[in-house]
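Trainee: Please take a close look at one part for me, the interface. I would like one connected account with the cut-offs stated.

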2 protein chains.
Amino acid sequence: MFSPLIDELMQALRVLPGVGPKSAQRMAFHLLEQERQGALQLARSLEKAIDGVSYCNGCRTFTEESFCGICRNVKRDGRTVCVVESPADILAFEQSGSYSGHYFVLHGHLSPIDGIGPEDLGIDILESRLAQGEIQELILATGSTVEGEATAHYIAELGRRNEVTVSRLAQGVPLGGELEYLDGGTLAHALNSRRVI
Amino acid sequence: MFSPLIDELMQALRVLPGVGPKSAQRMAFHLLEQERQGALQLARSLEKAIDGVSYCNGCRTFTEESFCGICRNVKRDGRTVCVVESPADILAFEQSGSYSGHYFVLHGHLSPIDGIGPEDLGIDILESRLAQGEIQELILATGSTVEGEATAHYIAELGRRNEVTVSRLAQGVPLGGELEYLDGGTLAHALNSRRVI
């Protein structure tokens, strides 16, 4: 219906998560009508990021250098490693201001049905680092989903085999959470893990 | 927090309509993790579209040629011109399959508060075409908003001055619309414009 270049742009915009045909159309017209400079800037940023950004050699987060800022920071404690599913999780931890160790990013979780095994998540790299004996505690911060739990369980086994302390994030009532809106599973966890005060 | 190239990409993604900081972060990670080819394709499509697409010399819709497919189509009736606010409105008309005339795209509506006057909407171009005497009917299909109505009113005046038939899309109950969910304004319109059957 539209001219070829516009059709191509709408198709290309659909690689963005959550963008269907209608949103892609709206985005394309918005860029052409009001944000031509911004669109060119976006094109340049995309090319630079895809070209320059790869995994940190330490923790596998995204970075354009060999090691990311956290891995290079000598003030951080490399003996504790927090295993997360995505770089966005690192941001959440850093914003909480309560963690000063290193991270290890899986970029996903174990999912045999999609053919995602330990090597795809860099777990072999983590294993070799565990074998070197520098790591003393592994904090498993994968998601509280079936796949996240399975991944945590798999890595916990590795940790135990290498005689490393393995911990998992506590589950329970979130701060400010109202009990009546809490799901049964979380409430059961909170009750089972209750603490004497 | 993230490395400079990623921060820059997140910032650049925010030119897209409806994309805030969280969506931009999700999009950036999604592209870097799973859609590197798609992201490069998007960058190329953006550059090509921004470089190649401009306004049709006939109807002001987006096209990379001098005249768009509709203006070039000799089977279409150039004596009837439907005035719309955006190229997306053309798509809606074409999909309805009930119109075979030409269009004229305003790319917005009159909005003195934002400094958008008749020249910004190409109404001067429309006026000179009206003066040439080829157009016999103007169908005003601007939005049913205050600004859309004001724009329609302004163009209707021009049409009358040039002795052209001016019509406005009918307002009333949409197909399949349930009366109990219809707003009062629309219902009042539908009642006032009732037809004897």
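**The interface of chain A and chain B**

Mentor: Across the interface of chain A and chain B, 16 residue pairs are in polar contact, both residues at pLDDT 80 or more; a polar contact is a pair of N or O atoms within 3.5 Å, where within protein one must be able to donate a hydrogen and the other to accept it, and residues adjacent in sequence count only if both atoms are side-chain atoms. The side of chain A that touches chain B draws two or more residues from each of helix H1 (4-13), helix H2 (21-34), helix H3 (36-52), strand S2 (62-63) and helix H5 (87-96) of chain A; helices (H or I, at least four residues) and strands (E, at least two) are DSSP runs numbered from the N terminus. H3(A) gives the largest share of that side, 14 residues. By type, the residues of the side of chain A that touches chain B are 30 nonpolar, 10 polar and 9 charged; Ala, Val, Leu, Ile, Met, Phe, Trp, Tyr, Cys and Pro count as nonpolar, Asp, Glu, Lys and Arg as charged, and the others, Gly among them, as polar.

This is a predicted model, in which local features need pLDDT of at least 70 and side-chain atom pairs pLDDT 80 or more, while totals for chains, interfaces and linings use all residues. Residues are numbered from 1 along each chain as its sequence is written, chains are lettered from A and ligands numbered from 1 in the order in which they are written, and side-chain values use heavy atoms, with hydrogens and water left out.

In contact terms (heavy atoms within 4.5 Å), 49 residues of chain A meet 49 residues of chain B. The area buried between the two chains is about 4900 Å², with 74% of it from carbon and sulfur atoms; buried area is the accessible area (1.4 Å probe) that two parts lose on being put together, summed over both.

There are 2 salt bridges between chain A and chain B, a salt bridge being a side-chain nitrogen of Lys or Arg within 4 Å of a carboxyl oxygen of Asp or Glu. B:Glu8 and A:Lys48 form a salt bridge through their side chains, at 2.9 Å from N to O.

The same surface serves both copies, as 100% of the contact residues of chain A recur in chain B.
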